[in-house]
Amino acid sequence: MNDLPASTRPVHEGLFQSDPPGLLGTRCDDCSQHAFPRATTCPYCGSERVTDVALSASGTLRGWTTVTTAPPGYGGAVPYGFGIVELPEGLRVITRLATPDQRFTYGLPVRLQIVALHDAEDGTTIETWEFAP
Amino acid sequence: MSVDVEIAGIGIHPFGRFEGRTVTDMGVSAVRAALAEAGVGRGGFQAAFCGTAYAGVAAGHKVLGALALTGIPIVDIEAGCASGAAALQLAAGAIRAGQHDCVLVFGMEKMPKGIIRSSFFEPWREEAGLAATPAYFALRAQRLLRESGLTPDDLARVVVKNRRHGVHNPNAMFRKEVTAEEVLGSRLVCDPLRLFMLCSPNEGAAAVVLRRAAGSSAGRVTLASAVLRSHLPGSVLGEATPLSGIDDSAIPPPSTLAARDAYEEAGIGPDDVDVVECQDTDAARELLAWEELGLCARGEQRSVLDAGDAALGGRRPVNPSGGLLSKGEPLGASGLGQVVELVEQLRGIAGPRQVEGARTGLAHTVGRGANASVTILTRS
Ligand SMILES: [Zn+2]
């Protein structure tokens, strides 16, 4: 272990990049479908010919609700938004949404941002992704 | 010549919360009742299949060990909400294949309290808040409301219906009617779902003895089909709960896959079904199941509700037992609990819950995996 902990760390490696913000996915060379998170086998056709891509940072809102009670194992604050965003690649992603917002409507344009989820015991800030209007 | 499989005995331990009772105690209670009804004891059945998701290692062995009935093959089966139905399907297959003449099937659970924690999810996904099961239910409900022109009032009507049925079920956890106002006034869990629209994970057990049917016998209840299917990839809102999906408008959900196979195997269609027990983990889930099972067309739920078709006394009652909304959901037991209800319905012994003249019943579960099961029972 490093004596000086990194100041920030993603909730899980390989899900997103911060600069510029983007979810990390794959595109199938055979059926052209995108996948998230990254997979070595296309979840739709089973092809192993997949290419790593950064997915679009903008999308449209396809579903939203609010989680008011912290689910088991959850590290962040409640309430938080939870929903589905459709990316231009045709991929529908399950995502956290920026603090529940009365403006949420079906088809609302939203944008990806990397945000602090909570602080770990060693003081490291754990980051995750969310979409916001 | 296909082999007919009859339901030789049923047993159930009530669904609810039972302080101080182990899951083994409950399994023993249901198994003992089913074996007694079938008139089957040690040496009378050649295998046992036990459905459970949370009871741990060799859970079925502990039940049969407590009854001095070990020695035969005992297999524990986990298939999420379909665990009990999966056990039934394997048992029926073993009889049809000529491997066994009589098989014990049981399911049992003692669920943790609160939102169910599932080893299905990676720890990081729980940490990030992306394993919130009721939120998935809510997104699915929101989509159904939007696409089928339904409202939260319609969700409340499902709860009122099932809770009214549950009043008459001695094995249900909730036996008090609720009004639509009470449902719509209960705590908002995840918009649009309110507390009374969600079933409670709980405890219970159910058991069924299957036997190769010999000759013909009027009034005998037989298993016309027992089908288990998993999901095709694509739906972001399916019970497989992936982190992403694609346009799923042309991808049949696992409940539809199971229903198609089950109808074909039974040689019937949805219109031939007299009584249904379906997955009502939340009120929207039941309404979605209606269309997935072919009980109504897409968007027709409102008119079915208006006509009272799915209520006791209606054209084709759904969840006369009160459903999971009244009984609660002990995962491994819930599918077999449905079968127990349907057998009582087809035997005509369901008392105030009786669907008059019921001859064909359909049971449906869908959940984690995804797993979906459809079981069809008929009375000769
Ligand atoms: Zn592919």
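**Reading a zinc site and a nonpolar core**

Student: At 31% relative accessibility, how does Cys31(A) count?

Tutor: Cys31(A) counts as partly exposed, the class between buried (under 20% relative accessible area) and exposed (over 50%; 1.4 Å probe, protein chains only). Cys42(A), at 4%, is buried. This is a predicted model, where local features need pLDDT of at least 70, side-chain atom pairs count only at pLDDT 80 or more, and totals for chains, interfaces and linings use all residues. Residues are numbered from 1 along each chain as its sequence is written, chains are lettered from A and ligands numbered from 1 in the order written, and side-chain values use heavy atoms, without hydrogens or water.

Student: Which residues coordinate the zinc ion?

Tutor: Donors are N, O and S atoms within 2.8 Å of the metal (3.2 Å for Na, K and Ca). Here the SG atoms of Cys28(A), Cys31(A), Cys42(A) and Cys45(A) sit at 2.3 to 2.4 Å, with the spacing C-x2-C-x10-C-x2-C. Cys31(A) is in the loop between strands S3 (21-28) and S4 (34-35) of chain A, and Cys42(A) in the loop between S4 and S5 (50-54), so the pair ties together parts 11 residues apart in sequence. Strands are DSSP runs of E, at least two residues; helices are runs of H or I, at least four.

Student: What is the geometry of the site of the zinc ion?

Tutor: Tetrahedral, with angles of 102 to 116° among the four donor atoms; all must lie between 85 and 135 degrees.

Student: Which residues have the most contacts inside the largest nonpolar core?

Tutor: Nonpolar side chains tend to be buried together in soluble globular proteins. A core joins buried Ala, Val, Leu, Ile, Met, Phe, Trp, Tyr and Cys through side-chain atoms within 4.5 Å. The largest has 88 residues, with Trp129(A) and Trp290(B) making the most contacts inside it. Helix H5 (133-148) of chain B gives the most to this core, eight residues.

Conventions. Four donors count as tetrahedral if all angles lie between 85 and 135 degrees; four count as square planar and six as octahedral if opposite donors are over 155 degrees apart and all others between 65 and 115; anything else is irregular.
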